[in-house]
Amino acid sequence: SVSAVAAILLGKKNAKQSEGVDKTSEAGYMRVPKFWDPEPFRVIADVREQFLGNNSSKYPLENDWGVRRYLGNYGSRLMTPQEAKSIGSRIKSRNSDDHLETIFVTIASYRDWQCSATVESVFLRASHPERIRVGVVDQVHEDDTPCSTPPEGPCETFPHQATCQYKDHIDYLTVDAQLSVGPVFARHLGHRLYRGEYFALQSDAHITFVSGWDDEIVSQWHSAKNEMAVLSTYLSGVEGHIDVKTGTRTSKSRPIMCESDFEGTGDYKHLRHGQQPEGIPYIHDGPTLNPFWAAGFSFGRGHFVVNVPYDQHLPWIFQGEEISMGLRGYSYGYDYYAAEKSVCFHYYGRSGIPMFWENAHQYRGSGELGMIRLNAIIKMLPSRLKSYKWIREDEMMYGLGKVRDVQRFFDTFGIHVETQTVEHHLCRFVGRPMQAEFMPFLRSNGMGLDYDKITYRFVDT
């Protein structure tokens with residue numbers, strides 16, 4: 001099994017970190033990489049806690065995560081600017097004496113024939129491919145072509161390919177597709193591949209990048225002047241937006257995240273972001289604030305994936321992962337933006353592509369348990385459901401921070417948990433009105449918006 005929820009149904013144990021202990025002989029274990037956790041951060045956290053008289057052992061963590069104690073102690077407080085800036089590596093440019101901020105790109109792929117082309121695009125279209133490291137979680141069957149096979153063929157025969165030239169910058173974590181329980185666990189594994197890069201980008205396995213995308217997105221992030229900024233949106237399709245042969249952007253429009261509503265029935269109703277509006281941005285020379293986070297494209301500082309790792313105990317969650325990650329990030333102090341210019345585009349309308357749902361018969365009932373856990377952790381269970389017994393394993397590791405109360409988010413953006421309804425037409429506010437209303441409350445040290453000073457409440461009129 002790969003999660004505590006599935007373990008309830010299958011009588012197996014959940015995924016274990018692989019380094020140092022050989023668990024392969026024990027039924028139900030999967031070997032996975034350890035989370036990034038350099039010893040110096042642990043030492044600093046230990047010394048600080050001893051000096052302040054705090055006792056981190058009160059947290060029942062099976063595997064203590066020192067860097068998270070260092071970075072605000074699991075969201076107990078907002079990181080300091082100095083702590084935030086201590087995360088992230090730089091590398092010397094191949095063309096100059098400049099030192100470039102590194103970028104980690106995580107891609108979760110399920111039997112996707114376009115995965116290798118996506119990885120190729122990452123390096124081929126970058127201005128500075130030497131700054132990039134890619135981590136692929138490749139869920140495949142034995143007879144599938146793995147993502148590690150370059151799009152034109154093996155490196156021995158076609159060594160000119162970018163993925164061949166930068167093969168040492170790519171880590172492939174191969175998983176038997178029959179063990180797949182959805183994108184949340186796959187992306188959880190992807191977060192485990194992070195190794196201290198300055199920026200972290202998450203994308204799907206079937207996208208293509210524009211030329212010079214790395215310089216563009218880094219510049220757009222810096223223009224926000226917000227250490228807690230995460231640029232995130234649903235991607236536009238390739239048609240009408242990019243010349244896929246040259247990587248030239250052919251459209252100035254971009255999507256913005258502002259549309260959401262409850263979907264589903266009964267006890268498993270949840271908030272889902274719907275089709276998002278797209279158009280030419282009114283705000284220039286910087287990204288535009290929006291309230292929601294999207295899984296298909298997310299770009300921010302590396303400490304985002306350290307502080308807000310995907311919850312491994314949410315099998316079969318597809319709709320719902322975004323409000324979960326978004327609220328958890330919000331509670332740690334992160335703010336979401338739509339980039340002014342899109343740097344990659346999505347292949348939609350594909351047919352005949354295998355989906356992880358083909359494994360659903362193996363884990364019947366685990367999706368319902370996963371959805372209850374998801375809503376319980378982010379405080380979106382209505383009162384009538386709060387008596388449910390839900391899986392609480394690793395609740396602090398994958399839970400909410402205390403920097404911001406999620407109820408303030410619900411009040412601000414018109415989300416009513418008890419009635420499971422929303423104030424419609426939020427998109428009328430998101431954009432220039434939200435930017436004008438909220439940006440005055442960006443902290444002077446650049447550590448995110450101070451929601452304690454934001455009194456705005458959206459009401460549909």
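Select Cys155 and Cys164: a disulfide (a pair of cysteine sulfur atoms within 2.5 Å) joins them, S to S 2.1 Å. The torsion about this S-S bond is about -90°, so the link is left-handed. Cys164 is buried at a relative accessible area of 8%, while Cys155 is partly exposed at 22%. Here buried means under 20% relative accessible area, exposed over 50%, and partly exposed in between, with a 1.4 Å probe and protein chains only.

This is a predicted model, in which local features need pLDDT of at least 70 and side-chain atom pairs count only at pLDDT 80 or more, while totals for chains, interfaces and linings use all residues. Residues are numbered from 1 along each chain as its sequence is written, and side-chain values use heavy atoms, with hydrogens and water left out.

Next, select Cys115 and Cys147, whose sulfur atoms are 2.1 Å apart in a disulfide. The link is left-handed, with -80° about the S-S bond. Both Cys115 and Cys147 are buried.

Move to Cys258 and Cys427, also joined by a disulfide (S to S 2.1 Å). This one is right-handed, at 95° about the S-S bond. Cys258 is buried at 3% relative accessibility; Cys427, at 24%, is partly exposed.

Cys344 is buried, at 1% relative accessibility.

In total, the count is three disulfides.
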